[in-house]
Amino acid sequence: MSRRVVITAVAVVVAAIAAGGWLWLRRDEPRPASFHAERTSAFYSAIDTRRHDAAPLTLNEIFTPATQALGAMRLDSTRQLADCDEALWGTSATGCTQAIEATYKGSTVSGQFVIFNMGDGRAADALVSALDKDGFVRQDVVFEAARSRAQARAMGHYVTVSWVGGTASDRDLITALVALDGLGRVVQNRVVAAT
């Protein structure tokens, strides 16, 4: 057997082990029990591309004094990522220039919010589709994913993901999800500024 054949065989085995390990690890990544996805719409056409809305998002723009508490949850942490893929598993946010994350905690419900600054509406729609079937955001706050609810929205060149879980009733989880999703109003402010 030639040395080239042995090297090729070893490379194939290593690639198979890596792929198998990735799939094995991926199955442990949490997904929400209930998920709703929305594509962008004509309402966001003024900011369909980053060219029309070039200024990066800021933490202060999203997390105002009014958003320190959302119902029974209080803002626990925020962070900004230049590598958007750090916030994801099983998919990639191609063309994304920033991701901003926040976690909120309460006694019976907790949640997290992530907004991705994509290149355009097509890229935003593609990420929402991928979150529906290929992967999801990494869970940064502790709650049982099997009882959790989430939604992702493409809004022009942005994608927001809101995810809540906890021991609260289904009604309280829905209320918390609606409150968390309200952080996406920052995108409507960008639409107004662009028109």
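**Close-up views of a predicted model**

**Figure 1. The overall chain.** Of its 195 residues, 43% count as buried (under 20% relative accessible area with a 1.4 Å probe on protein chains only; exposed is over 50%, and partly exposed lies in between). Among contacts (heavy atoms within 4.5 Å) between residues at least 6 apart in sequence, 73% join residues at least 24 apart. This is a predicted model, in which local features need pLDDT of at least 70 and side-chain atom pairs count only at pLDDT 80 or more, while totals for chains, interfaces and linings use all residues. Residues are numbered from 1 along each chain as its sequence is written, and side-chain values use heavy atoms, leaving out hydrogens and water.

**Figure 2. The disulfide of Cys84 and Cys96.** Searching the whole structure turns up one disulfide (a pair of cysteine sulfur atoms within 2.5 Å). Here the sulfur atoms of Cys84 and Cys96 are 2.0 Å apart, and the link is left-handed, with -70° about the S-S bond. Cys84 sits in the loop between strand S3 (73-81) and strand S4 (88-89), and Cys96 in the loop between S4 and strand S5 (98-105), so the pair ties together parts twelve residues apart in sequence. Both Cys84 and Cys96 are buried.

**Figure 3. The largest pocket.** Have a look at the open space with a volume of about 170 Å³. A pocket is an open set of points on a 1 Å grid over the protein atoms alone, where a 1.4 Å probe fits, with protein on both sides within 12 Å along at least five of seven lines; lining residues have an atom within 4 Å of a point. Grid points are joined across faces, edges and corners, and the volume is the space filled by probe spheres set on them. Among the lining residues are Glu61, Thr64, Leu70, Val178 and Asn189. Helix H2 (59-62), helix H4 (170-181) and helix H5 (185-194) each give two or more residues to this lining, and H5 provides the largest share, three residues.

**Figure 4. The two sides of helix H5.** Val186, Val187, Arg190 and Val191 are the buried residues of H5. Seen down the helix axis, they fall within an arc of 155° (taken from the directions from the axis to the C-beta atoms), so they line one face of H5. These buried residues pack against H2, strand S6 (109-117), strand S8 (149-155) and strand S9 (158-166). On the other side of H5, you will find Arg185, Asn189 and Val192 exposed.

Notes. Helices (H or I, at least four residues) and strands (E, at least two) are DSSP runs, numbered from the N terminus.
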